[in-house]
Structure formats: structure tokens, C-alpha cells
Amino acid sequence: MENKSVPNHVAIILDGNGRWAKAKGLPRTAGHVQGAKTVEDICEIAYNMGIQYLTIYAFSTENWARPQEEVDTLMNLLRSYMKNCLKRAQKNNMCVRVLGDKTKLDNDIQQKIAALEEATKENTGLHFQIAINYGSRDEITRAVRKLAKQVAEGLIAPEEITEECIAANLDTIGLPDPDLLIRTSGELRLSNYMLWQLAYTEFYITPVLWPDFNKEELAKAVEAYQNRDRRFGGVKSVNC
């Protein structure tokens, strides 16, 4: 697979953990545990393919509405994952960043995220973004509030607000927009994920459930991307 045609940035909606567990007669939590292991594998596989940026949708703003037991399990899994991710990032020179409103997370999780981002910020391998308590409408709302505050303080005039200024106030500031979006489990919706950033992104939908997603499945998605005619080329993120 030639690097020149491999997507630079791949975003993934990893769906199907619960259905995977149910099909095997296991509790939904077992699906989330296996899904976390798949994330670790795909990070290494993606970088070896030549992908430079990988962004996954781990926990949405809407996920708080799930049963409390499942939410608690996901948060505890996140705590464990942050610790393991730090070790893996240091070993593989991976730069890790968390997208979303982190203020709604427990303090210990916020501290783990801050430590992970600080420890890996200079790493030059895979740029790995994890969307946690993330919702695109929430992200855009927060960006609008930041710009409104700047206008109120006289730092910028309303007519000076451009697409670049909006992009510079999103969680993804400094990141290139995704070239390819992968959604597992066959669902055909965006689920409030990166609505601004996906404006020119190619979509790939697979019926494969996330815990079963592997190197071969990622290769299929990349091959499908390579076979498409990218006439418009996408839009790069620009700092304001």
C-alpha cells in the first residue's frame, strides 16, 4: 500500500460493542473491554499503513443517558485506558489528545487526561485523538461563545469572523480535517460527530462490529478511499 494515497487523517465512529457482546451471550461491558483492545491494535496498524492522524469517537455527550451501570463501567474503563495509553504512547512515540468538554468528567479523569497530553505533546509518531464527552453541536456552541466573548471585549469585529476563526476555536484546532470517516456496525448516521470537520470527508460504512474490526477491515476501508475520485480535495484547518 503506497503512502501517497493513504488518507492522512482517519476518523472512526466505533460502534457495535454492545451488539458484539450480546451475540456472544456476554454483558455489554465485555464488548466495551474488547472494543478498547481493538483501539490499541488499530492505532499501531494505522500508523504502520502510513496514516498520520487517527480520531476515534469514544464517548459522546449523549452517552450520559445510558444506564448508570454502563456509564460507570465506561468511566472506569477510561481510567484504566488512560494509564495504559500513556505507556503505549511513550513506547510508540504517539501524540495523544482528547477532544470534547473535559470539564464534565470526574476530576481524577481530567487529571489523567492532562498528564497524558502533557507527556506526549512532543511525540512525533501517530497523532491520536480521543473524543470523550464530545458532541459536535456542543463543540460548535462552545466555539461560538468564545467568539462572542472576543467580540464583547472588542478583540474582534463581527464582520471579521471567518471560517478560519471558527475552526480555530473548535476542539480540533491545529488538526487537518479527516480524509476518511469509518463507521462500524452498518449504521448510516453521523451521530453528532465532527459535523464541521467532515465537510469534504469520504465515508466508509462497514457492517463489521467494532470489536471485530482489524487490519484487514482497515485495509478495505483505505482501499475504498483510494479508489474514489477526490475532486475537491478537502479543507485544511487553519489557526485564526
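Predicted model: local features only at pLDDT ≥ 70, side-chain atom pairs only at ≥ 80, totals over all residues.
The crossing of helices H3 and H4 is left-handed. H3 covers residues 68-92 and H4 covers residues 107-120; their axes lie 10 Å apart, at an angle of about 15 degrees. Angles under 35 degrees count as roughly parallel, and H3 and H4 are therefore roughly parallel to each other.

A second pair of helices can be described in the same terms. Two packed helices are described by the angle between their axes and the distance between the axes. For H2 (residues 28-49) and H7 (residues 215-226), the angle is about 45 degrees and the axes are 10 Å apart. H2 and H7 are therefore oblique to each other, and their crossing is right-handed.

Salt bridges come next. The whole structure contains 17 of them. One joins the side chains of Arg88 and Glu40, with a distance of 3.3 Å from N to O. Arg88 belongs to helix H3 and Glu40 to helix H2, so this pair links distant parts of the chain, 48 residues apart. Arg88 is partly exposed, because its relative accessible area is 25%, whereas Glu40 counts as buried at 16% relative accessibility.

Arg79 takes part in two salt bridges described here. With Asp106, the closest N and O atoms of the bridge are 2.9 Å apart. Arg79 is in helix H3, while Asp106 is in the loop between strand E3 (95-99) and H4, so the bridge ties together parts that are 27 residues apart in sequence. Asp106 is partly exposed, at 43% relative accessibility. The side chain of Arg79 also meets that of Asp108 in a salt bridge, at 2.5 Å from N to O. Asp108 lies in helix H4 and Arg79 in helix H3, so this bridge connects parts 29 residues apart in sequence. Asp108 has a relative accessible area of 27% and is therefore partly exposed.

The loop between strand E5 (180-183) and strand E6 (202-205) holds Leu188. With a relative accessibility of 72%, Leu188 counts as exposed. Together with Phe203 and Ile205, Leu188 forms a nonpolar patch on the surface, and the accessible area of the three together is about 300 Å².

Most residues other than glycine have a negative phi. Asn192 has a positive phi, near 60 degrees, and is found in the loop between E5 and E6. Asn192 is buried, with a relative accessible area of 15%. Met194, also placed in the loop between E5 and E6, has a positive phi near 50 degrees. Met194 counts as buried because its relative accessibility is 1%.

Thr61 lies in the loop between strand E2 (53-60) and H3, and is partly exposed at a relative accessible area of 23%. Between Thr61 and Asn8 there are 53 residues of separation along the chain, and their C-alpha atoms are 27 Å apart. Arg228 is in the segment after H7 and is partly exposed, with a relative accessible area of 31%. Arg228 and Gly25 are 203 residues apart along the chain, with 39 Å between their C-alpha atoms.

How values were computed:
Residues numbered from 1 in each chain as written. Heavy atoms only, no water. Patch = residues over 30% accessible without salt bridge, like charges linked within 9 Å, V, L, I, M, F, W, Y side chains within 5 Å. Areas by Shrake-Rupley, 256 points an atom, 1.4 Å probe, with all protein chains shown as cover. Salt bridge = Lys/Arg side-chain N within 4 Å of Asp/Glu carboxyl O. Helix = DSSP H or I, 4+ residues; strand = E, 2+ residues; numbered from the N terminus. Buried < 20%, exposed > 50% of the residue type's maximum accessible area, 1.4 Å probe, protein only. Axes fitted to C-alpha atoms, helices over the stretch in contact; angles between N-to-C directions. Parallel < 35°, antiparallel > 145°, perpendicular 65-115°, else oblique. Left-handed = near helix turned anticlockwise from the far one by under 90°.
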